[in-house]
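Try each task before you read its solution.

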Amino acid sequence: MIKKNDLTDTIVAIATSAGEAGIGIVRISGKDALKVADRIFTSKSGKPPSTWSSHTVRYGWIVHACGAAKQIIDEVLLLVMRAPRTYTRENSVEINCHGGQIALRRVLELALEQGCRLADPGEFTKRAFLNGRIDLSQAEAVLDIVRAKTDFSLRVGLEQLRGGLSGQIQQVRSQLLDILSPLEAAIDFPEDGIPAMQRDISLAALSRAQQQLRALLERARLGRIVREGIRVVICGKPNVGKSSLLNALLKQERAIVTPIAGTTRDVIEEIIDIRGIPVRIMDTAGLLEPRDLVERKAVARTKACISDADVVIAMFDASKSLSAVDRQLMRRLRRKKTIAVLNKIDLKKRLTAGSLAPAFPCAVELSARTMRNIRALEDAIAATAGTDDMRSPESILVSNLRHIHQLKAAEKLIAESIDSLHNNISVEYVAQSLKDALACFDILLGATFTEDMLDRIFGSFCIGK
């Protein structure tokens, strides 16, 4: 992993994903970035990159010089960005090559030959953090943006990258510092104690800070949904139309559909966008009395998926009366958030939503084959998952477990401080609780950190970011 003294190196990486594309980017950052560019790039004007103004793009060629001979590796555009106005706050060069992997790899190899070191995962963003351009919560937001599955999750990541969460934490931090100053004065002059008015002011300010943290924590579940998606499982007896429903929600033929019961033997999982929320939709094997080892394992996996689901779609055949398997499924789902789906309403109906109402208040009648009422099911999924109140663009959603842990710890410490002031407990104890809460904020924002912590965070990034 990256050591502190390695941050003076000049690093290089391919910043675009593998595969064929119109353009691929090789990124270089560090004190020798411009020198490396001079050695491997020839511009049409003949001027070396180290002489260019910052944020200048020029056309030319990446050239491999072998003795007197020169071999053109690729025709490129090269961008020069001088410190500190760069992503890492270091001199940086981005080489826009043709997107083939051979050309990109050859450019990367040339940069390595000229003294660059291959960047570790997330090292560019790590340098942006260590050089003070962003705090740690903003650095983590970069990964959320890269992994965003919907427009809404992208907006949440961008809001955090812009400093939305950091700004709220800094507000609470400032309030605690304002409270801490008179408390420390009371420690220095214990004979004076804390004036009653100051105690009331401190209690009011602490209550406001506590409310702000609680508001953030109350939305943590919704933040987790934005980050990871809602787990929705489609279950029911064989041949009820589970795979047809998956295809209807995806609007493409993803699962094999046949009239033969038991076609689906394993769990098929896809991510879809419902009202801006990522939904991990899972089509499972039909629930039946297993006849062999394969069916036994398939049914066991289905039951495990149901247990872990945020929302269950229990499918029934509207053209048939309830069977013993249907009734067994209804009993199994009594404690789960469930949407009853009555499929095949394009056929003669024998089962209605009203007959399922005692067990499943939320029921949707649809036809997976004709796509009728699919939108109503999407609305029901969003409502059942409880995501209706998460669409406000100005809301901050905390989705990172590390952030949640530190916010919970700080809120608990503030609660202890409030209790101590109410009960006239030692001022030193109150002050120490507030200092510990401030330390939680420092860890969250990265004002204090360990190398192991940074390695865990940035190790999950891709190379080149």
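**Exercise 1: a pocket**

The second largest pocket has a volume of about 260 Å³. The model is predicted: local features need pLDDT of at least 70, side-chain atom pairs pLDDT 80 or more, while totals for chains, interfaces and linings use all residues. Residues are numbered from 1 along each chain as its sequence is written, and side-chain values use heavy atoms, without hydrogens and water.

Task: find which residues lie closest to the centre of the second largest pocket, and which elements line it.

Solution: 
- Step 1. Of the 16 lining residues, the closest to the centre are Asp144, Arg147, Val226, Arg227 and Glu228.
- Step 2. Two or more residues each come from α5 and α8 (220–228).
- Step 3. α5 gives the most, with four residues.

**Exercise 2: helix α5**

Task: list which residues of α5 (151–161) are buried (under 20% relative accessible area, 1.4 Å probe, protein chains only), and say where they sit around the axis.

Solution: 
- Step 1. Phe152, Ser153, Val156, Gly157 and Gln160 are buried.
- Step 2. They cover an arc of only 140° around the axis, so they lie on the same side of α5.
- Step 3. Just after α5, Gly163 has a positive phi of about 100°.

Methods:
Buried means under 20% relative accessible area, exposed over 50%, partly exposed in between (1.4 Å probe, protein chains only). The arc is that of the directions from the helix axis to the C-beta atoms. On a 1 Å grid over the protein atoms alone, a cavity is a set of points where a 1.4 Å probe fits but cannot get out, and a pocket is an open set with protein on both sides within 12 Å along at least five of seven lines; lining residues have an atom within 4 Å of a point. Grid points are joined across faces, edges and corners, and a volume is the space filled by probe spheres set on the points.
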